[in-house]
Structures are given as C-alpha cells and as structure tokens.
Amino acid sequence: MNLLYFTKNPDIMKSSSLFLSLLILIMLSSMNVYSQNPFIRDQFTADPSARVFNGRVYVFPSHDIPAPEDFARKDWFCMEDYHVFSSSNLSDWTDHGVIVSQENVNWVNSATYSMWAPDCIERNGRYYFYFPANVKPGSGRGFGIGVAVADKPEGPYTRQPEPIKGVVGIDPNVFIDKDGQAYLYWSQGNIFGAKLKENMLELDSEVTVIKEMPAKGLKEGPYLFERKGTYYMTYPHVQNRTERLEYATGDNPMGPFKFAGVIMDESPTGCWTNHHSIIEYEGQWYLFYHHNDLSPKFDKNRSVRIDSLFFNDDGSIRKVIPTLRGVGVSDARGVIEIDRYSSISEKGTSTEFLDPTDTFKGWKLILNAPGSWVKYNSVDFGKKKTGSVEITVSSSTGATLLLRADKPESPVISEVNIPAGDGWNTVSARVKKLKPGVHHLLITLKGEGEVEIDRLSFK
Ligand code: FUB
C-alpha cells in the first residue's frame, strides 16, 4: 500500500481515520479483558509479582511454555522470557509484551529455559527487574539472579552484564523499607536475604538465612511486605504434599520471623507449586497467585489468578479461599463468562472446556437438573435502562433459564427460552424491572432439560 498517497487524499484520509478507529476498536476488543480467574488466558503465566506503579497495577509473571523440540525435559518447567501486564481496574489487562528473554541475556544458559519467578521494584523513578536463570556452563553453578533496568515499568529494560555477585538461588524478591534501605530475598530450599546497595545492583551485607520459619519442608518464593509496622514474610512451603502459602511476622525486614499462619491451603487438585505476591490497591488488599487452570493434566503450565485478601484487627491474615470469579466488577455490556462463577448449586452444575484440544478457548457451564443455578457476583449494569440479554447457549433438549438480580427470591428479570438444537446459538430475551447499578446475577434452570452456556451480555 502506498502510504503517502493514502495520507494525502482527503477522502481516503477520512476513510483511513474511520479504518484506524475500527482497527483500534478491534484491537481493544481482542485484548485480554478478564475480571475472572485466571485473568490471563492467551498464554500460560506463573509466579505473579504484582506492584503498584504510578496508580496502575503491573504484574510481572514468569511465562510457562510447552517444551520445544530442543528441550529434553518435557516434564519440567520451561520458560524462555518475561512479559509484563498492567491494569487500572483489575478487569482489563494490557500485555506490554516481552521485556527480557533468555536470548538477550549474556550470562544465561538458554538451553535450560529457566527464566523462573521474577520481581520488579521502583527506586527514584527507575524500575529494577530481578530474574533468576541458570548460568552458562563453566561460569558458576546453578541459578544466578540478574537485574534489568528501565525508565518505565513496561520497559525497554537494559540487562546488567552479570548476575548479582554472592547470590545463588531462585525467586528474587525486593523490598525497600521506610528508611530507604533495600533488601533482596531469594530461595534455595530455604529463604535467604541480604541488604542491597543504593544502586540496587549489588549486595551490601552478608547473606543471612531467614530464621524462625518452619524448620522442615521446602520453602521458596519469598515475598516481604510491611503493614502498620509489622513485616510479613510470606512464602510457599511444603508442609504436607504440595506447596501452600504461609506467612511469618517480625519487627525487622531481616527477621527473626515467627510463623503466623496459612494464607492459602494446598491446591485441592494437586498443582504442586504456588507462588504469590500481595499488594494494596485503592484501599483493598489482593493476593496474586497461580494455579494450573488451563492445563489440568500438567502442572508446569500454570495461570495467574487474583483474589481479595483481608486482615483481622490483630493484623493476622484471613485465609484466602481461591475463587473462579476473581476480583473486579464485570461490565454488563461486555462479555460475562458465567463459567467463572461465584457459586453454584450443589447438584446439576458443572464446567467443561469448550474445546479440550485448545483450552485457551475457555470453558462452558452446564445446567442439567431442575432448579440448578449459578451465581455471578458484581455485574455493573450502568446508569441506563437494561433492555435485553444475549446469551450464547447450546441445548439438545431445549430449556428455559430464569435470570434474577442479587437474591434467589428476587423477581425474575428475564425468562430466556432456548429452543432445542445442535451447536451454539445466540438467544435474546427481554430484561424488565432491573434497577441500574451493580448487581449479582443469578441464573436458574426452570424445569427439565440440559443447557450449556458459553457467555452472556446485556444491552
Ligand atoms: O516457576 C518456576 C518455579 O516454580 C518458581 O521459581 C517457584 O517459585 C515455583 O513456582
């Protein structure tokens, strides 16, 4: 296409700006817009390190990939680069692309695909991204921790030529205390810590084993934060079979820390690792963690999640129960993935992948017992009247769905009659007597039948 001609002809300029707006619209609508768990669904992501920078939440996860031909360990973690994601509402996420790749770090042994859990922190307007990886053969043993520096959270990042001296291990975590002293924590079976120099690139103290933590069982993935003068050292720990998230508290960033409790239990479905971070954003605390939602048969292909976290009055952390619904408010005019529900009836409700050969296509929800129901919390119906609902469904028997707002005893706002048929159809129905604002949505199967629901949206 001759771009010069295109931009000089006024008629074409008009249509090109229309074309551009359309393109932007298409790009926006194909963005990963999810306020449910997992919140990134076009790639595997793990070990989410969340940070609040300039009023936005940035997530620096590691990036699991299926093992390529040249990687012999098909049953192991395989990670070659890092993306960064950001959001201002925890519902709409932007992928800023790859910020560091094993191919462009001199000291990394790229045959090992070992770009494991990273972290990032801001100091004096610069962003320091810490990442572990296997060092090249002959230049030392095992994992080193490197740093890449940028002027913006989304990069571009400049890699330091060598990993940090004196550090052998994985899972870097950085904390800057109120007095400006920075600390680096990492793990290798146990949790280690040291002070960092002002330049954020070198250690400024001896390496210490963090004490007074549970003595037995693997501990990794440290994440330290401070709240009301208490330092919370949080970490995944294998107490029984797999990792659960625990925490210990102390009066000093280097401890000693006293075991204080469990933040999240072991995965009920057996995902061996968990790895997390904790932030406060706009007055609410959140736990970022991972699970193998998109790869239930292989727990080295994981996906990042968010749930709200609460403190008790004495500063202890309430256990977080993992949810599919996640956090954030869903726009009623957007796509509501009802299979990421808040709660379901005991009987007659299940979820399945839409296409088991391509899990990235997502899930469907199935209702197949009279009265079976699904509840989806926090849908924003806006300020205007809601007139109709469009629901993408499949039902070989035909079925009727009743939609209600907030409570099971609330009046029906829509009755959706789904004719019997093959494959997916979009069915519309009128919505009545629904007050504007944010509501929980309840969908109940009326009478007999079976229906599969992919998604819905209001108008
Ligand atoms: O993602 C690879 C490793 O698995 C991380 O470094 C650990 O924390 C565990 O999540």
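User: How much area do domain 1 and domain 2 bury between them, and what share of it is on carbon and sulfur atoms?

Analyst: Buried area is the accessible area that two parts lose on being put together, summed over both. In this predicted model, domain 1 and domain 2 bury about 810 Å² between them, with 58% of that area on carbon and sulfur atoms. As for who supplies the area on one side, Q36, R41 and L294 account for 59% of what domain 1 buries against domain 2, more than any other three residues.

User: Which residue ranges make up the two domains, and how far apart do their C-alpha centres lie?

Analyst: Domain 1 covers 35-309 and domain 2 covers 330-458, and their C-alpha centres are 37 Å apart. To the contact between them, domain 1 contributes 11 residues and domain 2 contributes 8 residues.

User: How many salt bridges and how many residue pairs in polar contact are found between domain 1 and domain 2?

Analyst: A salt bridge requires a side-chain nitrogen of Lys or Arg within 4 Å of a carboxyl oxygen of Asp or Glu, and by that rule the interface of domain 1 and domain 2 has 0 salt bridges. Polar contacts are counted separately, and here 3 residue pairs, both members at pLDDT 80 or more, are in polar contact between domain 1 and domain 2. Sorted by class, the side of domain 1 that touches domain 2 holds 4 nonpolar, 4 polar and 3 charged residues.

User: Turning to the ligand, which residues surround it, and how do they divide by class?

Analyst: The ligand is surrounded by D47, F77, M79, W116, A117, D171, E220, T273, H275, H290 and R302. By class, this shell comprises 4 nonpolar, 3 polar and 4 charged residues.

Note on methods:
Residues are numbered from 1 along each chain as its sequence is written. This is a predicted model: local features need pLDDT of at least 70, side-chain atom pairs count only at pLDDT 80 or more; totals for chains, interfaces and linings use all residues. Side-chain values use heavy atoms; hydrogens and water are left out. A residue is near a molecule or strand if one of its heavy atoms lies within 4 Å of it. Ala, Val, Leu, Ile, Met, Phe, Trp, Tyr, Cys and Pro count as nonpolar, Asp, Glu, Lys and Arg as charged, and the others, Gly among them, as polar. Domain bounds come from an automatic or database domain assignment. Contact means heavy atoms within 4.5 Å. Buried area is the accessible area (1.4 Å probe) that two parts lose on being put together, summed over both. A polar contact is a pair of N or O atoms within 3.5 Å; within protein, one must be able to donate a hydrogen and the other to accept it, and residues adjacent in sequence count only if both atoms are side-chain atoms.
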